[in-house]
Amino acid sequence: MQTITQDEALKALFSNRKLMMESLLEIENKERKLVPFTLNPIQLDMLETSGYRDVYVKPAQVGATSFHLADFYLDNITISGTVSVVISYDETSAKRLIIKAKRFHQFLERKIPSIPRMEHKGAEELTWEDRDTGHYSIMYIFSSRSYTLGRGEAIHNLLLDEYGFWLLGTHEQVFSSAVQRVPLKLGTKVRIQSTANGEDNPHCEIYRAAKEGTAVSQSVYKPHFYPWFIHPEYIMYADDPFCLNKDNIDPLPMLQSDEILLMKVLISHYGFDEYDAMAKLRWRRYKKAEMASLRRSGDTVLLFEQEFPEDDETCFLVAGDQAYNTDIITDKIRQCIPAPIQKNIVATDSRTKDTVSATLDIWHDKEEGLGYIVSIDPGKGKTSESVGHVWHFTDEYKDKDNNEIPPVMQHCATLAGFYDEWEMALLMKEVAHYYNGAVIAPEDNLDIVSHLRDYPDLYYREDVRTGKLVRAIGWQTNLSTKPYMITEVSRHLEHIDCQDIRFWSQCKNIRRNANIKSGILVVGADDHHDCGAIAIVCRNAQPIQRGYVGSAGWHESWGR
């Protein structure tokens, strides 16, 4: 029996990245249990086929980000001087990745106490240092909205995570500054990955350019595509308790034409037998039904083909045409700027004395004598984002020289976050009081409306067909009113003065689709869009500001 020394064993371990990951690292699985980091087929292919510059199209929830983070982490603790940068699409994801990187280290430190010591030096920075050996390395984890790394420092490992979901306007700025700082040296890594999110974003453009470039040997990036069905977890047998009704038998009944075609692909190209191929289709049916059940107001569809792609063409296709003029939307996005004012809003529940605080992003502060309307699109507690807007409106009119003066539709401020209904109601009442006692127009959600009833100036809706006032608080977003909301926004698109990029980005998620009962299909988040649309359709409830007479061409002494 051949024996090797400890140094030889360590050398063999550290020269084999797969062995290193699976032997040294641990991770929490989806059952919340700590297990060895055993690579699944997608992670293994990423390890074996990735080059120095790579772009990935992947299904949701396959551990792709965990793999890249683990790969970067091992570089950081084994190669002195390594600078790794991970840029996620939002702050919440960035925080989770920081926690995951710290856990990698904590688990490994129990096995090998002599590894470089880790410090969490800042909200976005982890460092590893060994003063005895002189080892020092850094990992930065940012959101795409907060990337602020100085321009002088080289980057050796760079991950642009969920690139297809970044806010419009952030791609070029981050891409140009971060990618250009990765030197053209062996061992450096630039990785761009995302679940598909339509054709009209830079992730799709980079992937398609890489795919086309590979065919003519002129690609900087190497394309990688992973269909959902190669992930071993995405399978459901007939005895699974989550099976749909009537799907808990073999063979799977009532196969549709697209299922028959996919089953042939699974068997002929991917080596599944008929039993496992049907289990894959059973899982597919469940996920499609699950997504259909998440429709909001009956008209929001989360596309299975984007979250769980089957080929690298249909996953990028969007459902329907954009509801709004794309040229106007693009121009509006270019005019967006970060909010110049941030105001801390603190509200206290008069009964329980509980307090809640939030940041109000302000583009236009309150002005004495102006009327405002506060719109609210409430989320579902802590699971989806609640959004509140402040708007100011004036009607179009003719001045004393008979010139047409266009209407003013000015977005003033946004408050957004994951709040319970009572918290959002308290916060927006404070915002409304601040903006000269603005009218509050919430979406008609019984949970939030019940917490707003003590506010003195609420919007009572009209029947959009008859114009009659209905003694009910709030605007109803449903199959009948959604097209009207979108028509109103579209009709006034050029006159809308909004510098919050979240509103305009979500306008791109609103599609026309004749196959949907309402004719409207939403293919992504729409909370900011709907909040602005509620303000626009409820604008007649805004109080008329003092001093307005005269600006519409009336004699200066009118009303005295």
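Where does Glu 162 lie? Glu 162 is found in the loop between strand S8 (157-160) and helix H6 (171-179). Its phi is near 45°, a positive value in a residue other than glycine. In general, most residues other than glycine have a negative phi, and most peptide bonds are trans. Glu 162 counts as buried because its relative accessible area is 13%, below the limit of 20%.

Good morning, colleagues. The structure before you is a predicted model, and I shall begin with its overall features. The protein has 560 residues, of which 49% count as buried. Its secondary structure comes to 16 helices and 24 strands. Among contacts between residues at least 6 apart in sequence, 67% join residues at least 24 apart.

Let me turn to the interior. Nonpolar side chains in soluble globular proteins tend to be buried together. In this model the largest nonpolar core holds 53 residues, and those touching the most other members are Leu 25, Leu 69, Tyr 73, Met 139, Ile 141, Trp 228 and Phe 308. The elements that give two or more residues to this core include helix H2 (17-24), helix H4 (64-78), strand S7 (135-143) and helix H9 (274-293). Helix H4 gives the most, with 8 residues. Apart from this core lies another, of 34 residues, among them Ala 441, Leu 493, Ile 520 and Ala 535.

Which residues does Trp 228 touch, leaving aside those up to four places away in sequence? They are Pro 59, Tyr 234, Leu 262, Lys 280, Trp 283, Arg 284, Phe 304, Phe 308, Pro 309 and Glu 310. Trp 228 also belongs to a cluster linked by ring pairs, together with Phe 229, Tyr 234, Tyr 270, Trp 283, Phe 304 and Phe 308.

Leu 24 counts as buried because its relative accessibility is 8%. Not counting residues up to four places away in sequence, Leu 24 touches Leu 13, Leu 19, Leu 108, Lys 111 and Ile 112. Leu 24 and His 105 stand 81 residues apart in sequence, with their C-alpha atoms 9.9 Å apart in space.

I come now to the aromatic rings. The count is 24 aromatic pairs. One of them joins Phe 37 and Phe 104 in a tilted arrangement, with 5.9 Å centre to centre and 35° between the planes. This pair links distant parts of the chain: Phe 37 belongs to the loop between strand S2 (34-36) and helix H3 (41-49), whereas Phe 104 belongs to helix H5 (residues 91-111), 67 residues apart. Both Phe 37 and Phe 104 are buried. Tyr 140 and Phe 142 form a stacked pair, at 5.9 Å centre to centre and 15° between the planes. Tyr 140 and Phe 142 are likewise buried.

How many residues of helix H12 are buried? H12 is mostly covered, with 11 of its 14 residues buried. Among them are Glu 421, Met 424, Leu 427, Lys 429 and Tyr 434. The 14 residues of H12 (residues 421-434) should span 20 Å at 1.5 Å a residue, and the end C-alpha atoms are 20 Å apart, so expectation and model agree. Over the face of Tyr 434 lies Lys 366, at 4.4 Å from the ring centre. After H12 comes Asn 436, whose phi is positive, near 55°.

Next, a hairpin. Strand S12 (residues 341-348) and strand S13 (residues 355-362) pair in the antiparallel sense over 8 bridges. Thr 348 stands opposite Thr 355 in S13. The hairpin has 6 residues between the strands, and Lys 353 in this hairpin takes a positive phi near 70°.

Finally, I return to the backbone in loops. Is Asn 402 buried or exposed? Asn 402 is exposed, because its relative accessible area is 52%, over the limit of 50%. Asn 402 sits in the loop between strand S16 (397-398) and strand S17 (404-405), and its phi is near 70°, a positive value in a residue other than glycine. A cis peptide bond joins Asp 250 and Pro 251, with omega about -5°. Pro 251 is located in the loop between strand S10 (222-225) and helix H8.

Methods. Residues are numbered from 1 along each chain as its sequence is written. This is a predicted model: local features need pLDDT of at least 70, side-chain atom pairs count only at pLDDT 80 or more; totals for chains, interfaces and linings use all residues. Side-chain values use heavy atoms; hydrogens and water are left out. Rings of Phe, Tyr and Trp (its six-membered ring) pair if their centres lie within 6.5 Å; planes under 30 degrees apart count as stacked, over 60 as edge-to-face and the rest as tilted. Helices (H or I, at least four residues) and strands (E, at least two) are DSSP runs, numbered from the N terminus. Buried means under 20% relative accessible area, exposed over 50%, partly exposed in between (1.4 Å probe, protein chains only). A charge sits over a ring if NZ of Lys or CZ of Arg is within 6 Å of the ring centre and within 35 degrees of the ring normal. Two strands pair if DSSP finds at least two bridges between them. The expected span of a helix is 1.5 Å times one less than its number of residues. A nonpolar core is a set of buried Ala, Val, Leu, Ile, Met, Phe, Trp, Tyr and Cys residues joined through side-chain atoms within 4.5 Å. Contact means heavy atoms within 4.5 Å.
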